[in-house]
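Please look over the sequence and the model shown here before reading the report, which is written to be followed with both in view.

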Amino acid sequence: MQKLYEFGATLQFGVVEAIDAGRHLLKISIPALENMQTDWLPMLTAAAGRNCFYSLPDVGELVACILDARGESGVVLGALYNQNDTTPTQSNDIWMKKFSNGTVISHDRNSGEVYVHTAGKVVVEADTVLVQASEITLDTPSTTATGNLLVQGKLTYQGGMAGSGGGNAAASIAGTIRVKGGDVVADGKSLKGHTHPDLTSGGNTGTPN
């Protein structure tokens, strides 16, 4: 005859009191149980095997827990928005990760826009990077490409251009260079103002063609 076991569990709401980041564990204070503090409780995560997802609430955050009948063991289900910790957006079309240092990663499923804001560096390390989008804006004081950069379409710049290196020449261009409404200056010498002597006897000088 199969033995019957009696299990009892309760849903409780509490505040994070301590964090064991290395083991993904939390200690929770339960106001409804006279601020009883739980033992170390694991917190649910989306994946913890070959694929991993890691995120923990901070001390003082409101969370929901499932505890056993004695309140000795259980699991933290997740954090809850409340009057102190309000939602960062008011649209259910927005997926967002917002961090305490101001970094925001979000996606609007209506417009398809992916938004990344950070005061720090954005580092992408890959053998090949492929980005397909109708438009990309890099709003940053400085952008550095450490490898070769191939532009297969038209390159347009508005803030000027500066270069160095490149072996024996700073720039090597195969094809015709056209300058419209400007000048070409080499070592302080203007192409527009430069004249070529007429090498014939008694000849005059003239501007270049």
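## Basis of the report

This is a predicted model, in which local features need pLDDT of at least 70 and side-chain atom pairs count only at pLDDT 80 or more, while totals for chains, interfaces and linings use all residues. Residues are numbered from 1 along each chain as its sequence is written, and side-chain values use heavy atoms, with hydrogens and water left out.

## Overall make-up

The protein chain has eleven strands and zero helices, where helices (H or I, at least four residues) and strands (E, at least two) are DSSP runs numbered from the N terminus. Of its 209 residues, 13% are buried; buried means under 20% relative accessible area, exposed means over 50%, and partly exposed lies in between, with a 1.4 Å probe and protein chains only. Among the contacts (heavy atoms within 4.5 Å) with a separation of 6 or more, 32% are between residues 24 or more positions apart.

## The largest nonpolar core

Eleven residues form the largest nonpolar core, namely V16, L26, I28, I30, L41, M43, L56, V63, C65, L67 and V76. Such a core is a set of buried Ala, Val, Leu, Ile, Met, Phe, Trp, Tyr and Cys residues joined through side-chain atoms within 4.5 Å. The elements that contribute two or more residues to this core are β2 (25-30) and β5 (62-68).

I30, one of the core residues, touches Q12, F13, G14, N35, M36, T38 and L67, when residues up to four places away in sequence are not counted.

## Strand pairing around β5

Two strands are taken to pair if DSSP finds at least two bridges between them. Strand β1 (residues 9-20) pairs with β5 in the antiparallel sense over seven bridges, and T10 stands opposite L67 in β5.

β5 is also joined to strand β6 (residues 74-79), again antiparallel, by five bridges, with V63 opposite A79 in β6. The hairpin of β5 and β6 has five residues between the strands, and in this hairpin G71 takes a positive phi near 75°.

## Pockets

A pocket is found on a 1 Å grid over the protein atoms alone, as an open set of points where a 1.4 Å probe fits, with protein on both sides within 12 Å along at least five of seven lines; its lining residues have an atom within 4 Å of a point. Grid points are joined across faces, edges and corners, and the volume is the space filled by probe spheres set on the points. The largest pocket holds about 3,200 Å³ of space, and of the 44 residues that line this pocket, L138, T143, T144, A145 and L149 are the closest to its centre.

The second largest pocket has a volume of about 990 Å³, and of its 20 lining residues the closest to the centre are S55, E61, A79, Y81 and K98. β6 and β7 (94-98) each supply at least two residues of this lining, and β7 gives the most, with three.

## Two loop residues

N82 is found in the loop between β6 and β7, and counts as partly exposed because its relative accessibility is 23%. N82 and L62 lie 20 residues apart in sequence and 7.7 Å apart in space, C-alpha to C-alpha.

G112 has its place in the loop between β8 (104-108) and β9 (114-117), and with a relative accessibility of 42% G112 also counts as partly exposed. From G112 to A133 the C-alpha distance is 9.7 Å, across 21 residues in sequence.
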